[in-house]
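Please load the model and keep the viewer open while you read.

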Amino acid sequence: MLPTEEDLEPLFPLSEIQPLLVSHSQEAIDRMIFSVPVRTRMLYSCLVDADYLDTESFTNLDNANKRESQEQPSLPELLTRLEQHMNELTLKADVSRVNEGRALVLADCKFASELPPGLFNLTVPTGGGKTLASLNFALRHAIKNNMRRVIYAIPFTSIVEQTAGVFRETLDEKGAGSPSCVLEHHSNYDFDALDSEQALRERLAVQNWDAPIIVTTNVQLLESLFSNKPSKCRKLHNIANSVIVLDEAQTLPNELLTVSLAMLEELTNSYNVSVVLCTATQPALDDLWPFGSKPHEIVKDQLALKEHFKSRAEFVVDGQVEEGILAEKLSELDQILCIVSTRAHARDLYRDVCRCCRESGLLHGKEPYQEGIFHLSANMTPYHRSLWLQKIRARLDDGERCIVISTQLIEAGVDVDFPVVYREMAGLDSLVQAAGRCNREGRNDVPGIVHVFDFADAEDAVPGSGTLATNWLGLTAKISRELIERHSGHISADMTEEYFQWLHGVSSEKDAHTGRQILDATGLYKDLCNRELPASRFSTMDFQGYADKYKIIDDKETPVFVPWGEEGRKLYFELECSCHEGMPPSAMARTLQRFSVGIPNWKYSQYKEQMFVDDKTYAPIRVLCQEENCMKQYDDEVGILEVGEGTPNDLII
């Protein structure tokens, strides 16, 4: 039900603003000013959604009736299903230190759910069962505080898909045809994989997040909260009265951290929202909350919890290693995960490993992935990566050879369990997250080993040179090296707080001012707390400017549709047919995203020069060419190839 006029609180009485600016602290003044654009956007959300719904009831009665007829289970009903599922898991679970630790986490989540709304930290080691435990907290807490929904925001689509799958398995009614109560919202979600009725229900619910459980990305949630577009703002009023779980909270964008934290505080202070920062590597934010919030840690006895998980994996710092020597080591192991920091290193190391395996006779003339050797990076389409992850999990479960060379996309939240992990030097949070893929379930009698190494020919980026991402990788790795040296070569999750304090530049009073400037790199927080806003009676709020400054993903890549494999070929044929029938190509944009690769703009121009990309036939959709005489530019093993690397071949396999 939409709020009535009586339900809405008025904006700050403008006649009273000026006295407040004199009588209150800087922190209180910033909060009062910051809240006005947020409240304006919330009111806008109510109006936009009401207008869309009213128009729909007049122009598309079928959709309006379908929307009205959707019956969603209540939160108490979902909690009952969750409890039943977790009881079944408990009965099947082996007695182990890991499972005892998971039980401790669940008990603390249940206890904390009785608290009033606010900000919470849920700090749990990798493999500690935080996904279902946090859902238990969220449902109980929402019921206790009369909230309407639970929203999970996750940084990577691979984890979104994984988490949504777990929730569906846990919460949905069993039986063919039963609608899902879990709404999955991200750019790679394939509505066409659903039956027509379910697809329509979910397409309608995505528009305004009218569902009890929403699993989405940080981009969808956070960018919408700063957006000026009707389609993105339409759902904002449904974020009120909800529990938001921010999974892998350490991935909150550093250059936007101050304004992001301010928005989370405003939601908890004014809109009956609770926010849970959930991760194994909790960022040190205690002194960074702009309005002075102090989150409540859900798991109280962190030392006791760590005792249950500490023996699963140990770090070994290998120092510098030649790429060829590393490839030989990896090729000699049966099950090994190696995580590197860049796509280029992932591709080159994978090829070196394949070369070593061919020379030793391990491949027997087969393709590497047929013998359990895999590459994972963003050079591959999301569909391709998902397919490879399925094969990886199956081989691990069956005890077969499984050598994986990956970028960091696998290290946070992806449920894989290797006995040995290699990780190129990176931020300490990344090292700890990588360790979560090693002996994850604690099945091995001895701890797994996480080897931390540097490529012998690699150098940290010099500040001010290269891209922001490259500089950031160099900075975080440099801090980790110095921190490890300070701790006599030792690495542990206990060093995470010290690492984040160093990273955020607030490890000392001297660094505090500079550090806070870095955390508001775009100046958006400063804009939203500008005292000129009340002086102008808030008539100068630049909502488009705010939206432009809050971008988690820079528009520095061009998405290109890759018709790879049988499913890709079907989509390409569907694109051709729909355009022939007069449909605009953009109508298929969302469907094609699972088969698209983001190519850096500077590299995309090279593809255009070589006529590897068709950007005209299906504009605005760009398609990787697949004529018989075209160089094969997408590889079954490593995805998109560099210009000049391809071989004359047919693209489709």
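Predicted model: local features only at pLDDT ≥ 70, side-chain atom pairs only at ≥ 80, totals over all residues.

Which residues of H16 are buried? They are Leu428, Asp429, Ser430, Leu431, Val432, Gln433, Ala434 and Ala435, where buried means under 20% relative accessible area, exposed over 50%, and partly exposed in between (1.4 Å probe, protein chains only). Eight of the eight residues of helix H16 (residues 428-435) are buried, so the rest of the structure largely encloses this helix. Helices (H or I, at least four residues) and strands (E, at least two) are DSSP runs, numbered from the N terminus.

Residues are numbered from 1 along each chain as its sequence is written, and side-chain values use heavy atoms, with hydrogens and water left out.

**Aromatic rings**

- A pair of aromatic rings is described by the distance of the centres and the angle of the planes.
- Rings of Phe, Tyr and Trp (its six-membered ring) pair if their centres lie within 6.5 Å; planes under 30 degrees apart count as stacked, over 60 as edge-to-face and the rest as tilted.
- The count by this rule is 19 aromatic pairs.
- One of them is the stacked pair of Phe226 and Tyr550, at 4.2 Å centre to centre with 10° between the planes.
- That pair joins distant parts of the chain, 324 residues apart: Phe226 is in the loop between helix H9 (218-225) and helix H10 (230-233), and Tyr550 is in the loop between helix H22 (543-549) and strand S14 (557-561).
- Phe226 counts as buried because its relative accessibility is 1%, and Tyr550 is buried with a relative accessible area of 1%.
- Tyr422 and Phe453 make a tilted pair, 6.3 Å centre to centre and 55° between the planes.
- This second pair also links distant parts of the chain, with Tyr422 in strand S12 (residues 420-424) and Phe453 in strand S13 (residues 448-455), 31 residues apart.
- Tyr422 and Phe453 are both buried.
- Tyr369, Phe374, Tyr383, Trp388, Trp564, Phe595 and Tyr634 are linked into a cluster by ring pairs.
- The charged end of Lys235 sits over the ring of Trp209, 5.2 Å from its centre; the rule asks for NZ of Lys or CZ of Arg within 6 Å of the ring centre and within 35 degrees of the ring normal.

**Cavity and pocket**

- On a 1 Å grid over the protein atoms alone, a cavity is a set of points where a 1.4 Å probe fits but cannot get out, and a pocket is an open set with protein on both sides within 12 Å along at least five of seven lines; lining residues have an atom within 4 Å of a point.
- Grid points are joined across faces, edges and corners, and a volume is the space filled by probe spheres set on the points.
- There is one cavity of 30 Å³ or more, and the largest cavity has a volume of about 50 Å³.
- Its lining consists of Ala249, Gln250, Leu252, Asn254, Leu257, Pro283, Leu285, Phe500 and His504.
- The second largest pocket has a volume of about 1,700 Å³.
- Of the 49 residues lining this pocket, Asn99, Arg102, Gly127, Arg440 and Glu441 are the closest to its centre.
- Helices that each supply at least two residues of this pocket lining include helix H4 (75-92) and helix H15 (382-397).

**Backbone and cysteines**

- Most residues other than glycine have a negative phi, and most peptide bonds are trans.
- The peptide bond from Ala619 to Pro620 is cis, with omega near 10°, and Pro620 lies in the loop between strand S16 (613-614) and strand S17 (623-624).
- Asn272 has a positive phi, near 50°, and is partly exposed, with a relative accessible area of 27%.
- His364 has a positive phi, near 55°, and is exposed, with a relative accessible area of 61%.
- The whole structure holds zero disulfides, a disulfide being a pair of cysteine sulfur atoms within 2.5 Å.
- Cys181 counts as buried at 3% relative accessibility, and Cys438 counts as buried at 1%.
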